[in-house]
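This report concerns the chain shown below. Please examine the sequence and the structure together before reading on.

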Amino acid sequence: MIDASDPRPAGIDPALAAALGTVVDPEIRRPLVELDMIPSATLDGGVARIRLELTVAACPAADRIQDDVRLAAGAVPGVEAVEVEVGVMDPAARQALVERLRGSRPQQFGPGTLTRIVAVASGKGGVGKSTVTANLAVALAARGLSVGVIDADVHGYSIPALLGTDARPTRVGDMMMPPEAHGVRLVSIGMFVEGNRSVSWRGPMLHRTLQQFLADVWWGDLDVLLIDMPPGTGDVAISLGQLLPHAEVLVVTTPQRAAADVAERAAEVADQTGQTVLGVVENMAGLAQPDGTVLELFGAGGGEEAARRLGVPLLARIPLSVALREGGDAGAPVVSGEPTDPAAVAIAGLAASLRGSRPIAGRSLPISLA
Ligand SMILES: Nc1ncnc2c1ncn2[C@@H]1O[C@H](COP(=O)(O)OP(=O)(O)OP(=O)(O)O)[C@@H](O)[C@H]1O
């Protein structure tokens with residue numbers, strides 16, 4: 001139990017306490033001492049002896065945590081050597097930690113949440129919804145925001161590949177720590193199926209999975225949570241509307257005039273569940289040619305038309321871009337790999353407009369792990 005008036009656990013030598021207090025678990029994003037991961041640290045004739053208890057044996061961040069502990073303790077004046085004894089929490093300690101984490105945020109994304117929740121939707125597949133979601137997430141993270149992505153696109157889960165990762169969440173008790181790529185924390189339905197199988201789950205199973213992603217994944221303090229929706233108006237859209245009626249919806253469409261009809265349908269579900277449509281993003285807009293002309297492969301005006309019908313702003317027009325497509329294929333989002341590409345510029349502009357249109361948390365929630 002941590003005494004609020006003295007944040008230093010009893011087993012830690014006062015000379016080491018301040019330095020060790022700065023070492024943060026990269027997945028849980030809290031200081032190790034607060035998480036009871038350093039039950040003891042003594043200083044004996046210039047030798048710092050530290051007991052480090054990982055949450056799970058297969059902790060992917062184990063080496064990094066150990067290095068950070070060594071570095072922090074080694075920088076303390078008078079410390080000549082650092083010995084770290086690494087162990088693993090026993091099940092009771094792990095469960096206590098999980099309960100404290102849960103207790104600190106009973107409803108991560110409840111109505112009073114400071115996290116902006118944006119579901120990225122489209123009326124039909126292949127309009128670039130996932131590409132936009134992944135790049136938007138990276139662009140928001142580059143602006144210093146804490147960003148999470150849920151890939152809820154059951155049939156076309158592609159966010160991990162777009163962000164160049166095949167890492168899976170780490171389980172700590174019955175909580176999951178999401179992996180991070182390009183500064184973005186993510187979970188995907190694809191992380192829970194073997195190989196590259198398709199998912200043929202029925203509504204209730206999808207609903208439970210979404211519920212788990214929202215409740216059992218330790219997201220930390222997020223400024224923005226983006227949700228890559230499956231195309232269309234199916235079970236996931238309805239579930240999400242029920243689970244997160246306060247979420248906002250961003251509709252992605254192509255420039256074809258006929259696409260506006262389809263985009264309108266995607267927005268209808270949001271309307272039925274009380275969600276707000278934030279705006280429209282037109283993707284695959286005109287491609288600038290070397291001679292200065294613009295090739296409008298998919299026509300023009302679809303985004304404006306959809307925005308007009310929905311009574312919301314057209315937030316971005318993202319041009320067709322070879323770099324955007326190549327970045328997606330390589331798992332290297334164009335917004336960080338080639339930030340001057342016109343598509344990257346348009347997505348960065350979208351990130352800036354999202355940030356400005358409503359105050360975003362941008363601060364930690366006051367939590368006590370005591
Ligand atoms: N602006 C763009 N310029 C060039 N290619 C693009 C652009 N936007 C997306 N693409 C490409 O179009 C293809 C489809 O994109 P993506 O998978 O993001 O679509 P989606 O709407 O999420 O599809 P689904 O919902 O069916 O999974 C990808 O190959 C992607 O690289």
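## Domain organisation

The model is predicted. The protein is divided into two domains, domain 1 covering residues 14–89 and domain 2 covering residues 116–357. Their centres, taken over C-alpha atoms, are separated by 38 Å. Seven residues from domain 1 and six residues from domain 2 make up the contact. On the side of domain 1 that touches domain 2, four residues are nonpolar, one is polar and two are charged.

An unreviewed UniProt entry places the feature "domain: MIP18 family-like" at residues 17–86.

## The three-stranded sheet

Strands β1, β2 and β3 form an open sheet in the order β1-β2-β3, with mixed pairing. At its edges stand β1 (40–44) and β3 (81–88), each of which pairs on one side only. From one strand to the next, the twist averages 15°.

Strand β2 (residues 47–54) runs parallel to β3 and is joined to β3 by eight bridges. Within this pairing, Leu54 has Val88 of β3 as its bridge partner.

## The eight-stranded sheet

A second open sheet contains eight strands in the order β8-β9-β5-β10-β4-β11-β12-β15, again with mixed pairing. Strands β8 (180–181) and β15 (314–319) each have a single partner strand, so one side of each is left without a neighbour in the sheet.

Strand β4 (residues 116–121) and strand β10 (residues 224–228) run parallel and are joined by five bridges. Ile117 has Leu225 in β10 as its bridge partner. Helix α8 (residues 259–273) packs on the sheet, where α8 touches β4, β11 (248–253) and β12 (276–285). The direction of α8 makes about 165° with that of β11.

## The ligand shell

Which residues come nearest to the ligand? Of the 21 residues around the ligand, these are Gly125, Gly128, Ser130, Thr131 and Gly156. By class, the shell comprises seven nonpolar, 11 polar and three charged residues.

Several elements contribute to this shell. Helices α4 (129–142) and α10 (322–330), together with strand β12, each supply at least two of its residues. Strand β12 is also among the strands touched by helix α8, and in the sheet order β12 stands between β11 and β15.

Methods
Residues are numbered from 1 along each chain as its sequence is written. This is a predicted model: local features need pLDDT of at least 70, side-chain atom pairs count only at pLDDT 80 or more; totals for chains, interfaces and linings use all residues. UniProt positions are given in the numbering used here, feature names are shortened, and annotations may be inferred rather than shown by experiment. Two strands pair if DSSP finds at least two bridges between them. Helices (H or I, at least four residues) and strands (E, at least two) are DSSP runs, numbered from the N terminus. Two residues are in contact if their C-beta atoms, placed from the backbone, lie within 7 Å. Axes are lines fitted to C-alpha atoms, for helices over the stretch in contact, and angles run from 0 to 180 degrees between N-to-C directions. Domain bounds come from an automatic or database domain assignment. Ala, Val, Leu, Ile, Met, Phe, Trp, Tyr, Cys and Pro count as nonpolar, Asp, Glu, Lys and Arg as charged, and the others, Gly among them, as polar. A residue is near a molecule or strand if its C-beta atom, placed from the backbone, lies within 6 Å of it.
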